[in-house]
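Hello,

Here is the structure for you to look through. My notes on it follow below.

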Amino acid sequence: MDKITNDYLVKIEKYLKSMSASERLDIVKEIKSVMLELQNNGVSSEQIIERLGNPKELAKAYLGEAISKNSKFSWRKFGAVFVFCSSFAGVSGMLLLPFISTLSIALMISGVITPIGGIIKFVGYLMGYDIAGITIQMGAFTPSPMQFLPISIVTGVLMFWLGKVLWKLTIKYIHTISQKKKTL
């Protein structure tokens, strides 16, 4: 391989820095394999680079595909979403993606914590304690300790569900952005 193709691969690897080393290596190997095959068929380095296109766009397609393969949440994927939106998604991605992905995490965490608070408040009530720091207020309505547990469970389930929906929306948005992946 010559300097032109090696420089292209270095750029691809740089743009994929948010991925794990093994994923990044697999992608670079795949692109290198395609380059070598094209060179063996008599295609010049300049033509290969032209065919592959902008390294940032190609890396964006691979990163978007890796993120959208599986909609399950992981902190590594959460970090990749931020790298993706700040590096590739443009203005809408810089505003929308961080907002919905962060909100999805906050809602999922709150969806778990809220019923735990309800259980603590209810157990405290059964033991004769009023835990004033744990409360829910909806306008002028404040539930009694007996109402608090079911309300906290329903609220927690709704928040967790909404968080999951927003996470799936985040993944779908990334998948839509990354559909421009070049076919090698």
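**Salt bridges and other findings**

E13 is partly exposed, with a relative accessible area of 37%. Keep in mind that this is a predicted model.

E13 pairs with R24 in a salt bridge, and their closest N and O atoms lie 3.7 Å apart. R24 has 16% relative accessibility, so it counts as buried. The cut-off for buried is under 20%.

How many salt bridges are there? The count comes to 3.

K3 and D7 form one of them, at 2.9 Å from N to O. These two residues sit 4 apart in helix α1 (residues 3–15), so about one helical turn separates them. K3 is exposed, at 60% relative accessible area. D7 is partly exposed, at 33%.

K121 and D130 also meet through their side chains in a salt bridge, at 3.3 Å from N to O. D130 counts as exposed because its relative accessibility is 60%. As a general point, side chains of opposite charge can pair when their charged atoms come close.

Next, the surface. I119, V123, Y125, L126, M127, Y129 and M146 make a nonpolar patch of about 750 Å². Which helix gives the most to this patch? Helix α6 (residues 90–126) does, with 4 residues. I119 is found in helix α6. At 45% relative accessibility, I119 counts as partly exposed. A patch residue needs over 30% relative accessible area, so I119 clears that cut-off.

Now the helix packing. Helix α2 (residues 21–40) packs with helix α3 (residues 45–52) at an angle of about 135 degrees. Their axes are 10 Å apart. That angle makes α2 oblique to α3. The crossing of the two helices, α2 and α3, is right-handed.

Last, a contrast with the surface patch. I171 lies in helix α7 (residues 145–177). I171 counts as buried, at 5% relative accessibility. The C-alpha atoms of I171 and E65 are separated by 9.7 Å, while the two residues are 106 apart along the chain.

Best wishes

Conventions
Residues numbered from 1 in each chain as written. Predicted model: local features only at pLDDT ≥ 70, side-chain atom pairs only at ≥ 80, totals over all residues. Heavy atoms only, no water. Patch = residues over 30% accessible without salt bridge, like charges linked within 9 Å, V, L, I, M, F, W, Y side chains within 5 Å. Areas by Shrake-Rupley, 256 points an atom, 1.4 Å probe, with all protein chains shown as cover. Salt bridge = Lys/Arg side-chain N within 4 Å of Asp/Glu carboxyl O. Buried < 20%, exposed > 50% of the residue type's maximum accessible area, 1.4 Å probe, protein only. Axes fitted to C-alpha atoms, helices over the stretch in contact; angles between N-to-C directions. Parallel < 35°, antiparallel > 145°, perpendicular 65-115°, else oblique. Left-handed = near helix turned anticlockwise from the far one by under 90°.
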